[in-house]
Amino acid sequence: MKEIQRILICGAGMMGKNIAFVFASNPKYSVLVYDVQETDLAAGIRNNAGPMLEDQVLDEAELERRLARISFTTDLDSDGVREADLVIEAVFENMEVKQNLFALLEARCRPDAILCSNSSVMSPSEISAKMARRERFVGTHFWNPGHLIPLVEVVKSDASSDEVARTVMEVLASVGKRPVLCKKDVPGFIANRMQHALWREAISIVEHGIADAETVDEAVRYSFGLRLPKVGPLENADMVGTDLTYSIHSYILKDLEDSHEPSPLLKRLRDEGKLGFKSGEGFRTWSKEETSEETSELNDYLIRMLDDQGALRGARAARWGGKGGGSA
Ligand SMILES: NC(=O)c1ccc[n+]([C@@H]2O[C@H](COP(=O)([O-])OP(=O)(O)OC[C@H]3O[C@@H](n4cnc5c(N)ncnc54)[C@H](O)[C@@H]3O)[C@@H](O)[C@H]2O)c1
């Protein structure tokens with residue numbers, strides 16, 4: 001595997017900060033963050049790591065060690081850009097902005113530097129379309145919040161080399177992430193295809209008066225949702241048997257939602273300004289207190305669950321007295 005030590009993150013927004021924090025968990029890496037705008041990177045990272053400190057899965061000393069491994073620049077001509085071994089782009093979700101940035105990076109980075117994009121929906125083949133050395137590019141889709149959710153989808157473009165994808169997966173594993181390989185450049189990659197297939201059905205159930213939104217969420221939370229952290233859908237299908245799965249599908253699939261357009265109910269909510277947490281009403285109504293409670297409870301839940309699984313790199317070590325780098 002190509003030796004990777006110097007990581008460059010482009011974009012110091014919500015995702016870029018968290019990705020920098022993740023890479024800094026391994027002392028092997030030095031992390032440079034580049035943004036077009038000056039920003040107090042350390043303050044932003046501290047703020048995002050706040051709930052981990054409160055839940056005592058991260059201590060101040062470990063946070064300081066990580067911050068010491070991260071530097072910031074607004075200068076794309078700096079040595080750190082020229083010397084980077086691996087670059088992760090996390091700038092605005094705009095094709096032209098991304099393509100232009102990769103042109104600037106290709107003109108500056110070493111020819112063997114690996115270039116990645118954190119785009120959540122844009123095609124890696126299209127983002128890298130104008131690059132001269134397209135084989136060294138892959139998508140690396142971190143999930144939000146990037147410092148907590150273990151999954152990173154490594155998405156091959158129509159030109160990414162297997163070796164580059166393998167190297168990126170090894171680097172991600174070395175900072176405690178759970179990389180998965182998406183072998184084809186398809187919209188939604190792997191996990192969002194499944195997530196939105198579920199959301200489409202959930203919305204359809206409400207739209208057709210089968211159950212209200214609260215009931216739909218309860219039905220998931222107290223049934224197969226409980227199993228999901230332990231068994232994935234295909235393991236579950238094997239558990240019950242492919243024969244049973246086949247007969248269930250023969251009976252039910254023709255009745256499930258298969259619309260290729262967003263649902264009319266979703267469109268109506270959007271058009272009426274019922275935007276969910278942002279406006280206080282979406283599929284359900286939300287008070288200000290409820291929205292902040294839900295958000296902080298979700299953060300606490302993720303931190304506790306991932307800590308129990310040993311999935312917060314460096315965190316358990318911090319709690320147990322700062323020995324080593326935690327589980328990878
Ligand atoms: N927000 C999410 O939930 C989420 C989840 C997964 C992936 N992503 C992807 O990550 C990327 C970043 O998302 P975000 O939410 O962090 O965005 P953000 O708006 O919080 O941050 C973007 C940052 O990029 C900087 N920037 C813009 N143009 C730049 C350029 N040409 N060079 C350098 N820096 C530039 C901005 O100044 C800003 O600091 C997007 O591609 C997005 O699709 C976002």
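Start by selecting Val-168. Leaving aside residues up to four places away in sequence, Val-168 touches Ile-114, Cys-116, Val-138, Thr-140 and Val-154. Keep in mind as you click around that this is a predicted model.

Now widen the view to the largest nonpolar core, which has 60 residues. Val-168 is among the members that touch the most others, along with Ile-9, Ala-20, Val-31 and Val-87. As background, nonpolar side chains in soluble globular proteins tend to be buried together.

Next stop: Ile-7. You'll find Ile-7 in strand 1, residues 6-10. Is Ile-7 buried or exposed? Ile-7 counts as buried because 27 C-beta neighbours sit inside 10 Å, and the cut-off for buried is 20 or more. Show its contacts beyond four places in sequence and you get Phe-23, Tyr-29, Val-31, Ala-84 and Leu-86. Then pick Ser-30 as well: Ser-30 is 23 residues from Ile-7 along the chain, yet the two C-alpha atoms are separated by 6.2 Å.

Time for the ligand. Which residues are closest to the ligand? Select Gly-11, Gly-13, Met-15, Ser-120 and Asn-144, the closest of the 22 residues that surround it. Two elements give two or more residues to this shell: helix 1 (14-23) and helix 5 (95-108). Helix 1 gives the most, with 3 residues.

Zoom out and colour by domain. The protein chain is divided into domain 1, covering 6-189, and domain 2, covering 191-261. Taken over C-alpha atoms, the centres of these domains are 33 Å apart. How many residues of domain 1 are in contact with domain 2? There are 4 of them, in contact with 4 residues of domain 2.

Last, switch to colouring by pLDDT. The protein chain averages 94, and 95% of the residues score at least 70. Now select residues 316-328, where pLDDT stays under 50. The model does have 35 contacts beyond four places in sequence for this stretch. Still, where pLDDT is low, the predicted coordinates should not be read in detail.

How values were computed
Residues are numbered from 1 along each chain as its sequence is written. This is a predicted model: local features need pLDDT of at least 70, side-chain atom pairs count only at pLDDT 80 or more; totals for chains, interfaces and linings use all residues. A nonpolar core is a set of buried Ala, Val, Leu, Ile, Met, Phe, Trp, Tyr and Cys residues joined through C-beta atoms within 7 Å. A residue is buried if 20 or more other C-beta atoms lie within 10 Å of its own, exposed if 12 or fewer, and partly exposed in between; C-beta atoms are placed from the backbone. Two residues are in contact if their C-beta atoms, placed from the backbone, lie within 7 Å. A residue is near a molecule or strand if its C-beta atom, placed from the backbone, lies within 6 Å of it. Helices (H or I, at least four residues) and strands (E, at least two) are DSSP runs, numbered from the N terminus. pLDDT is the predictor's confidence in each residue, from 0 to 100. Domain bounds come from an automatic or database domain assignment.
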